[in-house]
Amino acid sequence: MPAMATTRPEDLGLSSERLARITDVTHAYVDKGKLPNVQTLVSRRGELVYEDVYGWTDVEAQTPADLDTLYRIYSMTKPITSVGLMMLYEEGAFLLENPLRRYLPEFADLQVWEGGTADDPKTRPAAREVTVHDVLTHLSGFTYGFHFQHPLDELYRRHNLGSFGAEPDYDLAEAMSRMAELPLLFDPGTRWNYSMSTDVCGRLIEVLSGLPLDRFFQERILGPLGMTDTAFFAPEEELGRCSPLYIRGLGGALQVMASARQMTKPPTFLSGGGGLVGTGRDYLRFCHMLLNGGELDGVRLLSPRTLAYMTRNHLPGGRTLNEMGQSTFAEVAMEGTGFGLGFGTVEDAAAQKNLANEGEFSWGGAASTAFWVDPADEICVVFMTQLLPSSTYPIRRQLRAAVLQAVVE
């Protein structure tokens, strides 16, 4: 489908000719068989200036992707969960410095990894308790099973925590019990590690609101924002809109990892860290709410002050991800990037070696999806596809360059 816009780009300080370079960059990935499909949306000051979709949802069947295609957004769920938890903060449900055990008592008396192996771990008591702030910022000491970097990751996999493969047959409450049995990777607040912390935030939402996470999302965020196609699964009647999930197989050829039908199965585990499916247009509405200081079309989820606080760097001493001992990966560049309450933040664009403005905030998903919001230039970008893992190709960095070079005013 050709690139479209609801507003003439030149009226908003962008060049139509230069925006066409986005098409050249993204379509090449499909034409070369690297990505099954691409969908890109760019807006400025809340007006859509570029919208393009190209490729196939099902490569083998040659089913064309379109603007209503449903994607697994994985970790782009995290900012939605973080917004939900901070809505409860505004309502006085908790303080950021409160210990996690106050609301989830299973996390009392946590131990920290000292050494040993997955079969014989050596631990000691944590220097301090994990706080709500720690889980919002990934300073908690939790981890993911899919990291494959540390014996603790192996223990997470043995407990079916945070690993790709079989869907958990347990709920969020059970996940918390399993996590609490395992040691922390480090003392809370001392390092940054991408982890199941946002799943903990999802469970906090359930406990504090008295609602299961899917109902809270629908009633408090997705419904009010008009994100009608975003949920923890797609209705069976929408199967034709769902995209299979691909990986790069032998020789680089695309290979199906998960069928489209798997998106229609209601999950038992409502992952606040990565469980949602949705459309690019839905997620752009979420981005517009963020750009607009917490409000969209007369619906306010957060105050501008709260959102500004969430999108500043919360890492100790103003450090960046690479300075915090990050040894696995993140869904953003580590050099020059800070982290707020659910968002990566650009602290030093020169260190990142891209054209971004300091103050831009963003995140991405495991299937190579991505978004960013730039308050300085009032630009929002959403990119959708379905290739795991997101580190396979540098499409996000190329897309950022292609978008930002089109800004002429």
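Ala, Val, Leu, Ile, Met, Phe, Trp, Tyr, Cys and Pro are counted as nonpolar, Asp, Glu, Lys and Arg as charged, and the others, Gly among them, as polar. By these classes, the lining of the second largest pocket has 11 nonpolar, nine polar and five charged residues. The structure is a predicted model, in which local features need pLDDT of at least 70, side-chain atom pairs count only at pLDDT 80 or more, and totals for chains, interfaces and linings use all residues. Residues are numbered from 1 along each chain as its sequence is written, and side-chain values use heavy atoms, with hydrogens and water left out.

Pockets were located on a 1 Å grid over the protein atoms alone. A pocket is an open set of points with protein on both sides within 12 Å along at least five of seven lines, whereas a cavity is a set of points where a 1.4 Å probe fits but cannot get out. Lining residues have an atom within 4 Å of a point. Grid points are joined across faces, edges and corners, and a volume is the space filled by probe spheres set on the points.

The second largest pocket has a volume of about 420 Å³. Its lining comprises 25 residues, with Glu331, Val332, Ala333, Arg396 and Arg397 nearest the centre. Two or more lining residues come from each of strand S13 (344-346), strand S14 (361-364), S15 and helix H11 (395-404). Helices (H or I, at least four residues) and strands (E, at least two) are DSSP runs, numbered from the N terminus. The largest pocket holds about 1,000 Å³ of space. Its lining is made up of 47 residues, and Tyr74, Ser163, Phe164, Glu167 and Gly274 lie nearest its centre. By class, this lining divides into 25 nonpolar, 16 polar and six charged residues.

Salt bridges were assigned where a side-chain nitrogen of Lys or Arg lies within 4 Å of a carboxyl oxygen of Asp or Glu. The count comes to 23 salt bridges. Arg8 pairs with Asp11, their closest N and O atoms being 3.2 Å apart. Asp11 is exposed, with a relative accessible area of 52%.

Asp377 and Arg44 form a salt bridge at 3.6 Å, N to O. Asp377 lies in the loop between strand S15 (370-374) and strand S16 (379-384) and Arg44 in strand S1 (residues 37-44), so the pair ties together parts that are 333 residues apart in sequence. Arg44 is buried, at a relative accessible area of 3%.

Arg124 and Asp187 are bridged too, with closest N and O atoms 2.7 Å apart. This pair links distant parts of the chain, 63 residues apart: Arg124 sits in strand S6 (residues 121-125), and Asp187 in the loop between helix H5 (172-180) and helix H6 (197-209). Arg124 is partly exposed, at 26% relative accessibility. Asp187 is buried, at 14%. Elsewhere, a network of salt bridges links Asp119, Glu154, Arg157 and Arg158.

Individual residues were then examined. Contact means heavy atoms within 4.5 Å. A polar contact is a pair of N or O atoms within 3.5 Å; within protein, one must be able to donate a hydrogen and the other to accept it, and residues adjacent in sequence count only if both atoms are side-chain atoms.

Gln39 belongs to strand S1. It is buried, at 0% relative accessibility. Its side chain makes a polar contact of 3.4 Å with that of Tyr71. Beyond neighbours within four places in sequence, Gln39 is in contact with residues including Asp52, Asp66, Arg281 and Phe383.

Thr69 lies in the loop between strand S3 (63-64) and strand S4 (71-72). Thr69 is buried, at 2% relative accessibility. Its side chain reaches the backbone nitrogen of Asp66 at 2.9 Å. Not counting residues up to four places away in sequence, Thr69 touches Thr57, Arg241, Ser243, Gly278 and Thr279.

Phe371 lies in strand S15 and is buried, with a relative accessible area of 1%. Outside four places in sequence, its contacts include Met76, Tyr283, Leu290, Phe343, Trp363 and Val381.

Thr268 occupies the loop between strand S8 (254-258) and strand S9 (277-278). Thr268 is partly exposed, with a relative accessible area of 45%. Leaving aside neighbours within four places in sequence, Thr268 is in contact with Pro168, Asp169, Tyr170 and Asp171.

Definitions and conventions:
Buried means under 20% relative accessible area, exposed over 50%, partly exposed in between (1.4 Å probe, protein chains only).
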